[in-house]
Structures are given as C-alpha cells and as structure tokens.
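User: I am new to this structure and would like to learn how to read it. Could you take me through it feature by feature?

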Amino acid sequence: MRFRAKIVDGACLNHFTRISNMIAKLAKTCTLRISPDKLNFILCDKLANGGVSMWCELEQENFFNEYQMEGVSAENNEIYLELTSENLSRALKTAQNARALKIKLTNKHFPCLTVSVELLSMSSSSRIVTHDIPIKVIPRKLWKDLQEPVVPDPDVSIYLPVLKTMKSVVEKMKNISNHLVIEANLDGELNLKIETELVCVTTHFKDLGNPPLASESTHQDRNMEHMAEVHIDIRKLLQFLAGQQVNPTKALCNIVNNKMVHFDLLHEDVSLQYFIPALS
C-alpha cells in the first residue's frame with residue numbers, strides 16, 4: 001500500500017483544512033477511505049444501536065496537485081485507515097498560509113499518516129513542520145461495514161433553514177430537554193418541537209421549499225400539509241449543527257417517519273451525509 005498527496009494551492013489548502021475541522025467536530029475517530037479518485041471520511045456507528053453515521057466525500061482532483069496511491073491489491077485498489085479526527089485537524093491548523101502541504105502513508109515503528117507543512121519564512125528558505133498521526137490500517141474483511149449508507153425513500157424531503165439560526169434555536173431547546181421532534185411536510189414547513197411535563201416549545205420555519213422530486217408523482221396523492229416526524233437525541237443534532245462552520249451550498253433534510261433523519265449537505269464540491277436514528 002502506498003499513498004502520497006500534495007496541495008500547493010492556498011484556497012484548496014484552506015478548504016481542506018475547513019473540512020478536516022468539520023470532521024473533527026462530527027466524529028472523534030473516523031475512517032479515511034483512499035481510492036484513486038476520491039477521499040472519504042466515514043463514521044459508521046450502527047444506526048440500529050442508536051449511533052449516528054456520516055459519509056463525507058471529496059474528489060481528489062479538486063484539491064490535490066499531486067496524488068498517488070496503490071491500494072491493497074489491483075482489484076481492491078483502496079486503502080482504509082482509522083484515525084483520531086482531531087489529530088488531523090490539529091496538524092492542518094499549522095498549514096494556514098503555508099507554501100505546500102504533503103500527506104503520506106509512512107511506517108515509523110507504527111503506521112502513520114505523515115503530514116508535512118512547508119511554511120514561508122522571512123528568509124528565502126522555508127521551514128517544514130512534520131506531524132506523524134498514528135493510524136490503524138483496516139483489513140479487507142471489515143471493508144463491507146464501511147460502505148456508503150443506503151438512504152431509504154424519505155416520507156418528506158425539505159430544504160433546511162440557515163444552519164446558524166437553526167443551531168441557536170436548538171442550543172436554547174437543549175437547556176429544557178434532551179429529546180427533540182423534527183417534523184416537516186411537502187408544503188415547505190419544518191418544525192422543531194420539545195415537550196416536557198411542564199412546557200411545550202415549537203419553532204416554526206415556513207416557505208423553505210421542497211426539492212422537485214419530493215413534490216412530484218410519488219406524492220401526488222399525499223396531503224401536502226401532512227407532517228412526517230422523527231424523535232431524536234437533541235445532542236446528536238447539536239453536534240451535527242456545531243460542525244457546520246460555513247453555510248453549505250445546498251442543505252437538505254430527509255425524514256423517514258419515526259425511523260431516522262438524513263441530512264444531505266453540499267459544501268462547494270464536498271458532499272456530507274449525516275444520519276441520526278429515531279429514539280426507540
């Protein structure tokens with residue numbers, strides 16, 4: 001197995017750093033899947049056991065000036081690594097205004113992802129800061145558990161409001177309850193609700209719009225105002241919202257009634273899917 005990649009474009013470097021920061025907020029440890037044309041950051045806690053799942057995908061050619069990899073074998077040309085997300089994010093923080101960033105798979109008494117940052121200095125010479133991030137190489141037999149999650153057909157698909165607004169609402173609700181109901185319909189309405197013995201609080205978002213597919217033939221016989229809902233752990237929703245530092249290009253919420261909520265975000269050329277299961 002071999003992997004080495006290099007970024008020299010400042011905008012690409014900053015974008016990659018932002019993605020790494022987002023992943024660190026969403027998952028303590030994650031799987032990095034390296035393939036010839038894509039990088040994926042994966043979190044696959046079993047939804048059935050109440051864990052969240054994440055699938056983040058970026059096209060390598062949009063970020064890297066150089067990119068070489070050799071997978072486990074010719075027919076399985078992929079590499080799966082487990083790493084602590086914050087270690088990568090911390091290493092990339094030193095890359096602000098760097099001249100270049102190199103990432104390489106190495107073995108220094110233990111397998112590492114070595115991140116080398118070439119910094120500009122006052123003189124013409126450059127300084128290089130190196131971080132060795134410990135990793136675990138995931139064996140081929142476990143890859144089947146780390147594939148892109150299958151998204152069931154949602155009962156309602158709706159565009160999300162501005163995520164910063166949504167986050168500030170959910171932060172206030174967290175002080176009252178640990179559970180929250182997200183409900184939405186095909187008429188562009190989304191509600192966030194909490195109910196306790198003492199109080200019931202609902203925040204309404206209107207005119208959000210539904211993606212075209214959700215409003216067409218399959219739902220023609222449906223009542224547009226009928227709400228699909230899912231009851232979730234408020235901390236899991238807040239963790240997802242806290243990870244979104246930049247408002248995405250596209251943000252969708254798909255609700256499978258009483259089963260799960262699936263967030264589908266597009267940050268320029270990076271897609272993020274995040275799944276939160278319903279509370280049993």
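Analyst: The model is predicted.

User: What is the order of the strands in the open sheet?

Analyst: The sheet has nine strands, and reading across it gives 10-6-2-3-4-18-17-16-11, with antiparallel pairing. Strand 10 (136-137) and strand 11 (156-159) each have a single partner strand, so these two stand at the edges and one side of each lacks a neighbour in the sheet. For the chain as a whole, the count is 18 strands and five helices.

User: How do I read the overall form of the chain?

Analyst: One way is to set the radius of gyration against the value for a compact globule. For 280 residues that value would be near 19 Å, and the protein chain has 21 Å, which agrees. Along the principal axes, the C-alpha atoms fill a box of roughly 65 × 45 × 35 Å.

User: What share of the contacts joins residues at least 24 apart?

Analyst: Counting contacts between residues at least 6 apart in sequence, 64% join residues at least 24 apart.

User: What share of the residues is buried, and what is the accessible surface of the chain?

Analyst: Buried residues account for 48% of the 280 residues. The accessible surface is about 14300 Å², and carbon and sulfur atoms supply 48% of that area.

User: How far apart are the mean positions of the positive and negative charges?

Analyst: The chain carries 31 positive and 33 negative charges, and their mean positions are 11 Å apart.

User: Is Ser-85 buried or exposed?

Analyst: Relative accessibility under 20% is read as buried, and over 50% as exposed. Ser-85 has 3%, so it counts as buried. Ser-85 lies in helix 2 (residues 85-93). Beyond its neighbours within four places in sequence, Ser-85 is in contact with residues including Ile-23, Ala-27 and Cys-30.

User: And Lys-136, buried or exposed?

Analyst: Lys-136 counts as exposed because its relative accessibility is 54%. Setting aside residues up to four places away in sequence, Lys-136 touches Tyr-80, Leu-81 and Glu-82.

User: How far is Lys-136 from Pro-161?

Analyst: The two residues are 25 residues apart along the chain, and their C-alpha atoms are separated by 38 Å.

User: What can I read from the phi of His-109?

Analyst: Most residues other than glycine have a negative phi. His-109 is not a glycine, yet its phi is positive, about 70 degrees. His-109 sits in the loop between strand 7 (100-107) and strand 8 (111-119). With 84% relative accessibility, His-109 counts as exposed.

User: Where does Asp-207 lie, and what is its phi?

Analyst: Asp-207 is in the loop between strand 14 (200-205) and helix 4 (212-215). Asp-207 is not a glycine either, and its phi is positive at about 55 degrees. At 74% relative accessibility, Asp-207 counts as exposed.

Methods. Residues numbered from 1 in each chain as written. Predicted model: local features only at pLDDT ≥ 70, side-chain atom pairs only at ≥ 80, totals over all residues. Heavy atoms only, no water. Helix = DSSP H or I, 4+ residues; strand = E, 2+ residues; numbered from the N terminus. Rg over C-alpha atoms; globule rule 2.2 N^0.38 Å. Buried < 20%, exposed > 50% of the residue type's maximum accessible area, 1.4 Å probe, protein only. Contact = heavy atoms within 4.5 Å. Areas by Shrake-Rupley, 256 points an atom, 1.4 Å probe, with all protein chains shown as cover. Lys, Arg positive; Asp, Glu negative; His and termini not counted. Charge placed at Lys NZ, Arg CZ, Asp CG, Glu CD. Pairing = 2+ DSSP bridges.
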